[in-house]
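Let's take a friendly walk through a protein model together. Have a look at the sequence and the 3D view, and then read on.

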Amino acid sequence: MPSMIQRIKQFTRSPQGRRTTEQVRRAASDPRRRAQAQRLLGKLRGGRR
């Protein structure tokens, strides 16, 4: 059974993985999406304390 890292590598090399990677890159470059992600991370980090 392949390790988790190997499975992730296989996925990122697949056509679906490439599409997903491109979508994430586009979302990360959008200032509104970036702010939304930072707020979400802040909530998650704040909830664990």
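## A charged pair in a helix

Arginine 26 is exposed, with a relative accessible area of 51%. Here, buried means under 20% relative accessible area, exposed means over 50%, and partly exposed lies in between (1.4 Å probe, protein chains only). Glutamate 22 is partly exposed, at 36%.

This is a predicted model, in which local features need pLDDT of at least 70 and side-chain atom pairs count only at pLDDT 80 or more, while totals for chains, interfaces and linings use all residues. Residues are numbered from 1 along each chain as its sequence is written, and side-chain values use heavy atoms, with hydrogens and water left out.

Which residue forms a salt bridge with arginine 26? The partner is glutamate 22, and the closest N and O atoms are 3.8 Å apart. A salt bridge is a side-chain nitrogen of Lys or Arg within 4 Å of a carboxyl oxygen of Asp or Glu; by this rule the count comes to 1. Side chains of opposite charge can pair when their charged atoms come close. Arginine 26 and glutamate 22 are 4 residues apart in helix H2, so about one helical turn separates them.

## The chain as a whole

How many helices and strands does the chain have? There are 3 helices and 0 strands, giving the order α-α-α from the N terminus on. Helices (H or I, at least four residues) and strands (E, at least two) are DSSP runs, numbered from the N terminus.

The C-alpha trace spans about 35 × 30 × 10 Å along its principal axes. Of the 49 residues in the chain, 2% are buried. The accessible surface is about 5000 Å², and carbon and sulfur atoms account for 53% of it; these areas come from the Shrake-Rupley method with a 1.4 Å probe, and for residues, only the protein chains shown count as cover.

## Where two helices meet

Helix H1 covers residues 4–13 and helix H2 covers residues 15–29; they pack at about 85 degrees, with axes 4 Å apart. Axes are lines fitted to C-alpha atoms, for helices over the stretch in contact, and angles run from 0 to 180 degrees between N-to-C directions. H1 and H2 are therefore roughly perpendicular, a term used for angles of 65 to 115 degrees.

On the H1 side, Phe11, Thr12 and Arg13 meet Pro15, Gln16, Gly17, Arg18 and Thr20 of H2, where contact means heavy atoms within 4.5 Å. By class, this contact has 2 nonpolar, 4 polar and 2 charged residues. Ala, Val, Leu, Ile, Met, Phe, Trp, Tyr, Cys and Pro count as nonpolar, Asp, Glu, Lys and Arg as charged, and the others, Gly among them, as polar.

Alanine 27 sits in helix H2 and is partly exposed, at 29%. Leaving out residues up to four places away in sequence, alanine 27 touches Arg33 and Arg34.

Lysine 9 belongs to helix H1 and is partly exposed, with a relative accessible area of 44%. The C-alpha atoms of lysine 9 and proline 31 are separated by 28 Å.

How values were computed:
Parallel < 35°, antiparallel > 145°, perpendicular 65-115°, else oblique.
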